[in-house]
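Hi,

Here is the structure I promised to pass on.

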Amino acid sequence: MNLPNRITLARICLIPIMMFFLLVDFSFYPEPIHWGSFQLSINHLVAAVIFLLAASTDGIDGYIARKYNMVTNLGKLLDPLADKLLVSAVLISLVELGRCDSWIAIVIISREFAVTGLRQVALLEGKVVAASKWGKIKTVIQIVAISLLLLNNFPFQFVSIPVDDIAIWAAALITIYSGVDYFVKNKELLEFDKA
C-alpha cells in the first residue's frame, strides 16, 4: 500500500476516535473551557482537532498521489469513501448532540450518495466524473461549518454572530447546487436505453 492510500486509511481510522470524543460524556472530568459566556468541553475541542486533522489529509493524499504518480484504483475508491464517512459521521453526531438540524444532515449525506452513484454509473460507461469547482467549494464550506459547530461558534460567539448557523445553511445550499450541477453536466449518463 502506497503513502497516499495509507494517509487515506488513517483518515478513516480517525473517524471512530473523533466520534468517541464527540459522543462520550466526559462531564465528570476535565472541566470545560470557560471564557466569559463561552463554554467548550475539552472532549469536543479534541474532536474538533481530530476532525480538522482528518479533513486536512484529504488534500494531502491527493496531492502526493498526483505529484508522484501514485494514483491507484484502491485510492480512487478509498479517497471519496473516506470523505463521505467523515462528513456523515460528524453530521450524524452533531444531530445527536442537537447542534445540527437533521434535515441539513440528510440533504448533505443524500447528495454525497447521489453523486457517488452517478460516478459509479460513469465508471460502468468507461467515463470519469471529475470534481467540479462547486464540489470543491462545497467541501471547504462543509469543513468550515462543521468546525464552527464543533467549536460552539468560536470565535464568533463573542460578538453574537451565528456564523456556525449561517455556514451550515450555506453548506446545505451549496451542497444542493453542486449536486444538481453534477447531474445537469452529466445528464447523458442517466438516459435510459431504448428497447
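Predicted model: local features only at pLDDT ≥ 70, side-chain atom pairs only at ≥ 80, totals over all residues.

Residues are numbered from 1 along each chain as its sequence is written, and side-chain values use heavy atoms, with hydrogens and water left out.

The helix pair is α2 (residues 42-67) and α5 (residues 133-150), whose axes come within 9 Å and cross at roughly 165°. Helices here are DSSP runs of H or I with at least four residues, strands are runs of E with at least two, and both are numbered from the N terminus. The axes are lines fitted to C-alpha atoms, for helices over the stretch in contact, and angles run from 0 to 180 degrees between N-to-C directions. α2 and α5 are therefore roughly antiparallel (over 145 degrees). On the α2 side the contact (heavy atoms within 4.5 Å) is made by H44, A47, A48, F51, L52 and A55, and on the α5 side by I143, I146, S147 and L150.

Next, the cores. A nonpolar core is a set of buried Ala, Val, Leu, Ile, Met, Phe, Trp, Tyr and Cys residues joined through side-chain atoms within 4.5 Å; buried means under 20% relative accessible area, exposed over 50% and partly exposed in between, with a 1.4 Å probe and protein chains only. The largest one has 33 residues, and V90, L91, I146, L150 and I168 have the most contacts inside it. Elements giving two or more residues to this core include α1 (3-23), β2 (38-40), α3 (73-96) and α6 (163-185). Not counting residues up to four places away in sequence, L150 touches L22, L40, H44, A47, A48, F51, V90 and L94. There is also a second, separate core of 6 residues, with L118, A122, V129 and L189 among them.

Finally, the two residues. S147 sits in α5 and is buried, at a relative accessible area of 9%. Beyond its neighbours within four places in sequence, S147 is in contact with F51 and L52. F21, in helix α1, is partly exposed at 23% relative accessible area.

Cheers

Notes:
Parallel < 35°, antiparallel > 145°, perpendicular 65-115°, else oblique.
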